[in-house]
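Biologist: I am new to protein models and would like to learn how to read one, feature by feature. Could you take me through it?

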Amino acid sequence: MTRNGTLGVAVIGTGRMGSDHVRRLDEVVSGARVSAVVDIDAARAEAVAARVPGCTAWTDPAAAMASADVDAVLIASPGPAHEAALLAAFEHDLPVLCEKPLTPDAASALRVVEAETRLGHRRVQVGFMRRYDAEFRQLKALLDGGGLGRALMLHCTHRNASTPPGYTSRMTINESVVHEIDVTRWLLGQEITAVTVLRPAPSDDAPAGLSDPQLVLLETSGGAVVDVEIFVNCGFGYQVRCEAVGERGTARAGDAHGLYVNAAGRWGGEIAQDYVVRFRDAYDRQLQTWVDATRRGETVGPSAWDGYAAAAVCEAGVRAQETGLRTPVALAERPGLYAADEATTDEAKAGEAKAGETAAHETSAEAAKAGEHRGR
C-alpha cells in the first residue's frame, strides 16, 4: 500500500458509474484514495483525474495496473471490456471490485473463474450492491435465522421510470433482472435451475420493439419459486421490492421511501428516479466493505462464481424470452475455491445484520465507521 497505508485504487471507466465511484472513494470511503483513472477517452480521463489530488489519467488499463501507485482496481467500464481488465489484474495479483456483469456471457465469465482458480485465491468481488442495502440485509438475516421458516416463494418487483435509447428486450434480463437473479441466489442460498418468461401485451409507453413489462419465473434447487415483475417504462420512478413468503410468515424489503410529509392538503413521500439514488447507501457500504477487506488482505462479497452463475441464468432467461419455453440453467461444476460461498455470507463472517436491527441503526453505524460520510 502507498502513502501511509492508504489503498491506491485505479478506477477503470469514467462514465456515470465510474465517475460516481471516483467521487465515493474521494469523499465518502475511508482508507483508500483514487490513484489512477482509466478511460479510452483521454480527455474524459484527464478531466476526472484533475478533480482528485495526486490522481493520474491513463487510456490503457494494463499500463495503469503496472503503476507502483496502484494497489487495487475498480472496474466500471462497459461489460465487454471486463474480461481483459480482470485477466490483467490477475497478472499483477491485484484485488478487484468489478461492477456487474462480471462479463457479458457465461463462457467468458467461466474463463475468469478458471483464471482466478489458477491463482489459488480469490481476488474478485462483483458489484451486486443490493447485498449491502440495509433492508435486504435484514431480510437475509431473517431468512438465515429461520424467523419465517423455510422460504417457499419470493415476489420481486423491478421498475424503472424509462429506458434510454437502444434498450432492448434482452437487456431487461441482462441489465435489470440480473439483480433479482443474484438476490435470489443470495437470499435463499440456492442455485437457479430453470427460467420461464411470460410477456403480456406491451405497455403503450414501451418503445417500439421492446417487450415491456415481463414476468420472469425462476425455479431453484431447493424447490422455491420466484416471480419477477420487470417493468422498465413504468413512468413514475425507480422501485425495487422483494417479499419473502415462508412457512410461518412473510417479510418485504423495498417499501421505504424516506421522509413522509403531510403538507398543503397532501401526504406522501418521494420515489427515487434511478438506482444511483435508491441504492446510494448500499454503494457506499459495498465500497467501504471492499476497501476494509482488501486492506486486511481478504476478498469477501459476491464472488466470480456468483458473477458466472448470474451470467448463466441470464443466458437461460434470454432463451426463455425468445422461445416462450421453460428453459433449464446449465452450470459448470463449482471449483473448490468457491466452496465456502455455498454456506457463508459476509454478514455471517462478520457477525453483522442481526434480524431486528433497524435500517436507521445500521446506516448510522456504517456512517461512523466511514468517517461520517465526509463530503455528503
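Predicted model: local features only at pLDDT ≥ 70, side-chain atom pairs only at ≥ 80, totals over all residues.

Biologist: What is the mean pLDDT of the protein chain?

Modeller: The mean is 89, and 87% of the residues reach 70 or more. Over residues 343-376, though, the pLDDT is below 50, and this stretch has 51 contacts in the model beyond near neighbours in sequence.

Biologist: Now the sheets, please. In what order do the strands of the six-stranded sheet stand?

Modeller: The general idea is that strands of a sheet pair through backbone hydrogen bonds, either parallel or antiparallel. Here the open sheet of six strands runs β3-β2-β1-β4-β5-β6, with parallel pairing. Because β3 (56-58) and β6 (124-127) are at the edges with a single partner strand each, one side of each has no neighbour in the sheet. On average, neighbouring strands of this sheet are turned by 25° against each other, direction ignored.

Biologist: How many bridges join β1 to β4?

Modeller: Four bridges link β1 (residues 7-12) with β4 (residues 72-75). Then look for helix α9 (residues 280-295), which lies across β1, β2 (32-38), β4, β5 (96-99) and β6, at about 155° to β5.

Biologist: And which strands are at the edges of the seven-stranded sheet?

Modeller: That open sheet has mixed pairing and the order β12-β11-β7-β10-β9-β8-β15. Its edge strands are β12 (249-253) and β15 (327-328), each pairing on one side only. Inside the order, β9 and β10 (residues 225-231) make an antiparallel pair over six bridges, and Leu 218 stands opposite Val 226 in β10. Helix α6 packs on this sheet, touching β7 (151-159), β11 (239-246) and β12, and its direction makes about 160° with that of β12. Helix α10 lies across β8, β9 and β15, at about 30° to β8.

Biologist: How do I read two helices that pack together, and at what angle do α7 and α10 pack?

Modeller: Two packed helices are described by the angle between their axes and the distance between the axes. For α7 (residues 169-188) and α10 (residues 304-323), the angle is about 130° and the axes are 9 Å apart. That makes α7 oblique to α10, and their crossing is right-handed. The residues of this contact divide into nine nonpolar, five polar and five charged.

Biologist: Which residues make the contact between α6 and α7?

Modeller: The axes of α6 (residues 134-144) and α7 come within 9 Å and cross at roughly 35°. Phe 136, Arg 137, Leu 139, Lys 140, Leu 143 and Asp 144 of α6 meet Val 183, Trp 186 and Leu 187 of α7. Six of these contact residues are nonpolar, none polar and three charged.

Conventions. Residues numbered from 1 in each chain as written. Heavy atoms only, no water. Pairing = 2+ DSSP bridges. Axes fitted to C-alpha atoms, helices over the stretch in contact; angles between N-to-C directions. Contact = heavy atoms within 4.5 Å. pLDDT = per-residue confidence, 0-100. Parallel < 35°, antiparallel > 145°, perpendicular 65-115°, else oblique. Left-handed = near helix turned anticlockwise from the far one by under 90°. Nonpolar A, V, L, I, M, F, W, Y, C, P; charged D, E, K, R; others polar.
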